[in-house]
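Below are some notes for a colleague who is opening this model for the first time.

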Amino acid sequence: MTETGVYRVLARKYRPTTFAALIGQEAMVRTLENAFASGRLAHAFILTGVRGVGKTTTARLLARALNCTKSDRPTFEPCGECDNCRRIAEDRHVDVLEMDAASRTGIGDIREIIEQVRYAPVAARYKVYIIDEVHMLSTAAFNGLLKTLEEPPPHVKFIFATTEIRKVPVTVLSRCQRFDLRRVDSEVLLADLARIAELEGVPAERVALGLIVGAAEGSVRDAQSLLDQAIAHGNGKVTAEAVRDMLGLADRGRIFDLFEALMQGDIQAALDLFHDQYQAGADPQVVMRDLLEVCHWVSRIKVTPQVAEDATVADFARDRGRALAAALSVPVLQRFWQMLLKGQDELRQAGSDVAAAEMVLMRLCFAADLPAPADLVQALTAAGMASVISPAASAPTPGSNAGPAPAPAPTSALGDGGARALQQAGGRPAPLRQSAPVAAAEPGLEPRAAADPADLAALLALADEKRDLLLKGYLYNYVHLVRFEPGRIEFRLPAEAPADVAGVLSDRLQRWTGRRWGVVVSAEAGQPTLAETARAEAASREAEVMTEPLVQAALAAFPGAAIRAVRAAADEFNPEHDPEHDSEAPEDGAREEGADG
């Protein structure tokens with residue numbers, strides 16, 4: 001309370017009265033100190049930054065520093081006791097004009113300033129014009145100010161403040177010395193709130209102050225106003241429970257419980273936790289936002305563990321964040337983040353926040369068992385299905401109808417989703433199972449030499465075993481075999497074949513078999529390519545099938561119908577057989593075209 005009995009809010013009571021008391025703006029303070037010491041003071045300043053970081057406070061401090069009578073020249077440390085300092089602090093100095101551009105935007109208001117700058121100050125060293133929210137001035141007002149701003153009288157200083165620096169014309173910016181005030185760091189703001197609480201004699205929990213700092217988002221004024229409100233809400237005490245209730249925040253511990261339930265795929269537990277928080281007053285949008293914050297926090301610990309040492313973070317958030325980061329992979333966390341972002345949009349569009357939130361939570365639970373994309377690719381690769389089709393496995397080769405079906409991928413190869421990673425072990429998340437690293441083969445090195453292929457089909461099978469898609473495509477689409485002998489291959493290439501077919505084949509055979517092969521490109525016609533042979537066999541089978549009375553009757557009964565694939569009878573009982581792949585073979589080293597097996 002003041003002497004007059006009127007309460008002053010904390011944001012006004014603890015407004016800095018010196019540059020040294022400004023928190024979080026060390027770079028600006030150091031620049032101004034050097035400018036005052038050297039006498040290199042600009043005639044116009046522009047201060048920019050988010051709300052509540054000290055723009056207006058800095059402007060008033062500058063006005064006092066320029067006009068303090070403690071010294072015969074401007075001083076960086078105004079006394080605060082002289083007549084000029086006191087009047088400026090009380091906002092009643094005749095030579096310091098503070099104007100709000102949000103309410104006075106026109107050229108008429110600026111014309112008043114232009115008329116006044118011609119006259120010398122009455123009681124101060126400088127006339128100081130402080131224009132707050134300067135970006136709100138009209139275009140005409142900005143244009144009217146330009147000439148005066150460029151060459152003001154020596155007794156005039158302009159100080160502008162704005163939260164929207166991009167809306168200020170560049171012609172104005174170029175005439176001002178610019179200072180960007182930063183958001184105040186969380187630890188600095190937390191320490192400032194603790195200091196104020198101690199001066200006010202108010203017991204304050206550190207967790208509660210941390211919640212206020214998080215809600216303030218780097219704004220000193222917002223943090224002090226929230227502290228003021230929390231003191232009143234808690235009847236003289238600042239507790240975490242009271243602050244959560246005041247801000248409408250969900251219980252942080254319950255949010256971690258909900259996050260774990262979602263990662264475990266436990267739909268019932270997730271919905272129960274959500275409804276408990278909703279009944280306690282938490283808004284569904286706030287719950288979604290809190291889940292995003294937990295996901296971000298766990299992801300940061302996952303990639304940079306040292307962030308868990310942040311002093312503004314509660315102990316339970318640090319411990320549970322570390323446990324979750326150890327249990328979950330980055331792809332799972334990224335998938336969770338993307339789904340939550342999409343869910344936030346749905347909440348804004350839906351008629352019922354609660355129903356939309358429930359649908360988002362159910363979707364997250366069902367996604368918990370999905371493998372990460374990298375794990376899925378690794379599983380498919382291990383099962384021999386990395387390429388679109390494996391010629392040796394499914395494309396017909398000369399003298400055969402179909403190759404062997406690929407072996408099914410083991411279940412454990414599908415990787416760990418959130419549910420697998422968070423299987424409870426004694427009530428705590430179990431560590432994420434790490435997949436075994438895949439050893440990368442170095443060029444020119446093979447663990448053991450392969451047996452010499454006996455014919456072109458065997459060579460194709462060897463290329464498939466080595467997962468060489470490029471060579472498989474070459475052998476299947478371009479090679480017209482002339483003769484095949486141990487250590488020597490002779491073939492013809494069509495005009496459209498790539499120029500490096502022979503070189504690639506020679507290099508691969510030497511690496512795989514451990515000896516040099518003679519690879520000769522011949523002018524003889526040679527045999528049809530494997531792709532041509534497969535297409536011919538497919539056409540022959542289709543022509544044969546077309547002679548069947550049952551097929552003819554089916555085609556007659558369904559006009560416009562066509563035969564899409566011809567399969568061997570044995571394939572009807574082969575669950576691994578995929579007729580869609582039988583008509584595909586690698587082209588240009590990547591795909592194949594052939595008949596259905």
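**Notes on a predicted model**

1. In this predicted model, five strands form an open sheet in the order E2-E3-E4-E1-E5, and their pairing is parallel. Strand E2 (96–100) and strand E5 (177–180) stand at the edges with a single partner strand each, so one side of each is left without a neighbour in the sheet. From one strand to the next, the twist averages 15°.

2. Within this sheet, strand E3 (residues 127–132) pairs with strand E4 (residues 156–162) in the parallel sense, over six bridges, and Lys 127 stands opposite Val 156 in E4. Helix H6 (residues 139–150) packs on the sheet, where it touches strand E1 (44–48) as well as E4, and the direction of H6 makes about 130° with that of E4.

3. How do the axes of helix H22 and helix H24 cross, and what makes the contact? The axes of helix H22 (residues 469–477) and helix H24 (residues 530–546) come within 5 Å and cross at roughly 60°, and the two helices are therefore oblique to each other. On the H22 side the contact is made by Leu 475, Tyr 476 and Asn 477, and on the H24 side by Leu 530, Ala 531 and Ala 534. Sorted by class, this contact has five nonpolar residues, one polar residue and no charged residues.

4. Confidence deserves a point of its own. The protein chain averages a pLDDT of 80, and 80% of the residues score at least 70. Over residues 424–447, however, the pLDDT is below 50, although this stretch has 36 contacts in the model beyond near neighbours in sequence. Residues 572–597 also have a pLDDT below 50, and that stretch has 85 contacts beyond near neighbours in sequence. Where pLDDT is low, the predicted coordinates should not be read in detail.

Methods
Residues are numbered from 1 along each chain as its sequence is written. This is a predicted model: local features need pLDDT of at least 70, side-chain atom pairs count only at pLDDT 80 or more; totals for chains, interfaces and linings use all residues. Side-chain values use heavy atoms; hydrogens and water are left out. Two strands pair if DSSP finds at least two bridges between them. Helices (H or I, at least four residues) and strands (E, at least two) are DSSP runs, numbered from the N terminus. Axes are lines fitted to C-alpha atoms, for helices over the stretch in contact, and angles run from 0 to 180 degrees between N-to-C directions. Contact means heavy atoms within 4.5 Å. pLDDT is the predictor's confidence in each residue, from 0 to 100. Angles under 35 degrees count as roughly parallel, over 145 as roughly antiparallel, 65 to 115 as roughly perpendicular and the rest as oblique. Ala, Val, Leu, Ile, Met, Phe, Trp, Tyr, Cys and Pro count as nonpolar, Asp, Glu, Lys and Arg as charged, and the others, Gly among them, as polar.
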